[in-house]
Amino acid sequence: MARGGQALARVAVAVRAGAAPMWWAGLLAAGTGALLPGLTGRRIGLTAGAALFLVTAAVVALARRGRYTRLAAEATRAARADFLQDRAVTLRVRRRAHRWWLLGAFLAAVGSSFALPGAGGLWLAGAGAGLWLKALWLGHRERTQETLWWVRTDWLAKGPAGKPVKAYRSTGIAAGDAAPGGARRR
């Protein structure tokens, strides 16, 4: 970038990017899996899947909260030369980077239905729900602190709280085209 600026992506948008594809792929895999009788039967498979959904959603929503909080507390103001990436671009880049992983998870979820019908799909949907809950938590923190958090796009490969991320940048609540939590502005 000219004059030392960096391309920045919203942290909440990066978290939220995987939620919808995982949710819908999980529901599709669970629905497909529920059509199979499986080794354990539909009732046991779907009951196990419901438990997996709840546990996975909770684990994903609560994972790495301390790191997010620490990075947000140490955030520095974004420079005037920094480029704030659009929400749609961040979603497209993050989803494209993980499409093969999602396809593999979908196929594994459908394949697991031969043993536990629907359980693998509900597990995948639970991971998507957990990411959505984490984005809501981030949005609540952004609203209460009236600050939006951004991460450099070249650090985003391992996620918005991954090891390469050294610090967040912050802006006022009106910056960018996404609302707090990563949703579209209305």
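**Figure 1. Surface and overall fold of the protein chain.** The accessible surface comes to about 9800 Å², of which 65% belongs to carbon and sulfur atoms. Accessible areas come from the Shrake-Rupley method with a 1.4 Å probe; for residues, only the protein chains shown count as cover. This is a predicted model: local features need pLDDT of at least 70, side-chain atom pairs count only at pLDDT 80 or more, and totals for chains, interfaces and linings use all residues. Residues are numbered from 1 along each chain as its sequence is written, and side-chain values use heavy atoms, with hydrogens and water left out. The protein chain has seven helices and five strands. Both are DSSP runs numbered from the N terminus (helices: H or I, at least four residues; strands: E, at least two). Along the sequence the pattern reads β-α-α-α-α-β-β-α-α-α-β-β. The C-alpha atoms fill a box of roughly 60 × 35 × 30 Å along the principal axes. Of the 186 residues, 45% count as buried. Buried means under 20% relative accessible area, exposed over 50%, partly exposed in between (1.4 Å probe, protein chains only). Among contacts (heavy atoms within 4.5 Å) with a separation of 6 or more, residues 24 or more positions apart account for 85%.

**Figure 2. The salt bridge of R10 and E142.** The whole structure holds four salt bridges. The term means a side-chain nitrogen of Lys or Arg within 4 Å of a carboxyl oxygen of Asp or Glu. In one of them, R10 pairs with E142, with the closest N and O atoms 2.9 Å apart. R10 sits in strand β1 (residues 7-10) and E142 in helix α7 (residues 119-145), so the pair ties together parts that are 132 residues apart in sequence. Both residues are buried.

**Figure 3. R16, a buried arginine with no salt bridge.** R16 belongs to helix α1 (residues 11-16). The nearest side chain of opposite charge is E142, 8.7 Å away. For charge, Lys and Arg count as positive, Asp and Glu as negative; His and the chain ends are not counted. Beyond its neighbours within four places in sequence, R16 contacts R87, R95, W132, A135, G181, G182 and A183.

**Figure 4. Two further salt bridges.** D82 and R169 meet at 2.6 Å, N to O. D82 lies in the loop between β2 (76-77) and β3 (83-84), and R169 in strand β5 (residues 169-171), so this pair ties together parts that are 87 residues apart in sequence. D82 is buried, at 11% relative accessible area. E74 pairs with R70, with the closest N and O atoms 3.2 Å apart. E74 is partly exposed at 45%. R70 is also partly exposed, at 38%.

**Figure 5. T56 in helix α3 (residues 42-62).** T56 is buried, with a relative accessible area of 12%. A polar atom of the T56 side chain lies 2.7 Å from the backbone oxygen of L52. Leaving out residues up to four places away in sequence, T56 touches W123, G126 and A127.

Figure 6. W100, L103 and L107 form the patch, with about 360 Å² of accessible area together. Patch residues have over 30% relative accessible area and no salt bridge; like charges are joined within 9 Å, nonpolar side chains (Val, Leu, Ile, Met, Phe, Trp, Tyr) within 5 Å. L107 is in helix α6 (residues 99-112) and is exposed at 52%. K163 lies in the loop between β4 (148-152) and β5. K163 is exposed, at 76% relative accessibility.

Conventions:
Polar contact = N/O pair within 3.5 Å; in protein donor to acceptor, adjacent residues only side chain to side chain.
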